[in-house]
Amino acid sequence: RRLVSTIVSSSSSSSSSSSRVRHLFRTHSSSNSNNSDNNISNSSLCVHNKMNKDELQSLSCKINGGCSRETPKLSEEEIEKLLAEYPLWHRIGKTIITRKFTAKNWQCAADFFSQLSTVAEEEGHHPDFKLTNYREVEVSLSTHAIGALSMYDFILAAKLDKIPVVYSPKWERENIKE
């Protein structure tokens with residue numbers, strides 16, 4: 001396989017951030033090139049270059065046309081390292097990360113879902129989400145096209161974490177560390 005890199009930059013990005021992002025996303029094409037980069041996945045580059053949650057939040061899930069059957073899967077080690085940046089997210093099995101919280105009331109939960117829907121549609125990466133007991137929210141991310149976790153899941157998680165939420169005061173006291 002030959003890897004084709006895409007350069008990602010933003011006028012607001014610093015040069016060091018831009019250089020770390022430069023080779024983050026790669027797409028696989030069918031070729032038998034002996035290029036030494038063949039064994040490097042997009043996620044390895046992310047972990048290797050120490051991309052943090054804020055840097056991931058600035059990326060888009062539409063890089064290289066979004067997720068497809070060719071999207072690289074994250075390794076176990078990469079997932080664990082990335083999850084350390086996401087204290088509100090937890091892993092379920094091998095293919096899903098999830099975030100659960102209790103909103104202050106039904107309207108606060110509905111407001112979160114409205115904003116989640118806007119972000120997901122803009123990114124072209126759609127989570128599963130549900131509301132139970134009128135204010136208990138659960139959001140689950142997985143790259144369905146590959147049946148695994150990919151960088152796109154963590155990019156979207158970072159964006160969803162930026163959505164303001166009015167939590168239940170009790171839930172917030174017990175779960176949010178400042």
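Which strands does helix α5 (residues 106–123) lie across?

**View 1. The whole chain at a glance.** This is a predicted model, in which local features need pLDDT of at least 70, side-chain atom pairs count only at pLDDT 80 or more, and totals for chains, interfaces and linings use all residues. Residues are numbered from 1 along each chain as its sequence is written, and side-chain values use heavy atoms, with hydrogens and water left out. The chain holds 7 helices and 6 strands; helices (H or I, at least four residues) and strands (E, at least two) are DSSP runs numbered from the N terminus. Of the 178 residues in the chain, 42% are buried, where buried means under 20% relative accessible area, exposed over 50% and partly exposed in between (1.4 Å probe, protein chains only). Take the contacts (heavy atoms within 4.5 Å) with a separation of 6 or more: 71% of them come from residues 24 or more positions apart.

**View 2. The four-stranded sheet.** Here the strands sit in the order β3-β4-β6-β5, making an open sheet of 4 strands with antiparallel pairing. At the edges are β3 (89–92) and β5, each pairing on one side only. On average, neighbouring strands of this sheet are turned by 25° against each other, direction ignored. Two strands count as paired if DSSP finds at least two bridges between them; β3 and β4 are joined in the antiparallel sense by 4 bridges.

**View 3. Strand β6 and its two neighbours.** Strand β6 (residues 136–141) is mostly covered, with 5 of its 6 residues buried. Antiparallel to β6 runs β4 (residues 96–102), joined to it by 6 bridges. Strand β5 (residues 128–132) is also antiparallel to β6, and 5 bridges link the two. Look for valine 139 in β6: it is the bridge partner of arginine 99 and also of phenylalanine 129. Arginine 99, in β4, in turn stands opposite tryptophan 89.

**View 4. The turn between β5 and β6.** The hairpin of β5 and β6 has 3 residues between its strands. Most residues other than glycine have a negative phi. Asparagine 133 has a positive phi of about 50° although it is not a glycine, and its place is in the loop between β5 and β6. Is asparagine 133 buried or exposed? Asparagine 133 is exposed, at a relative accessible area of 54%. Tyrosine 134 is in that loop between β5 and β6 too, and this non-glycine residue has a positive phi of about 60°.

**View 5. Helices lying across the sheet.** Back to the opening question: helix α5 lies across β4, β5 and β6, and runs at about 170° to β5. Helix α4 (residues 76–83) lies across β3 and β4, at about 155° to β3. For these angles, axes are lines fitted to C-alpha atoms, for helices over the stretch in contact, and values run from 0 to 180 degrees between N-to-C directions.

View 6. Serine 168 sits in the loop between α6 (151–161) and α7 (169–175). Though it is a loop residue, serine 168 is buried, with a relative accessible area of 6%. Leaving aside residues up to four places away in sequence, serine 168 touches Thr102, Ala103, Lys104 and Arg135.
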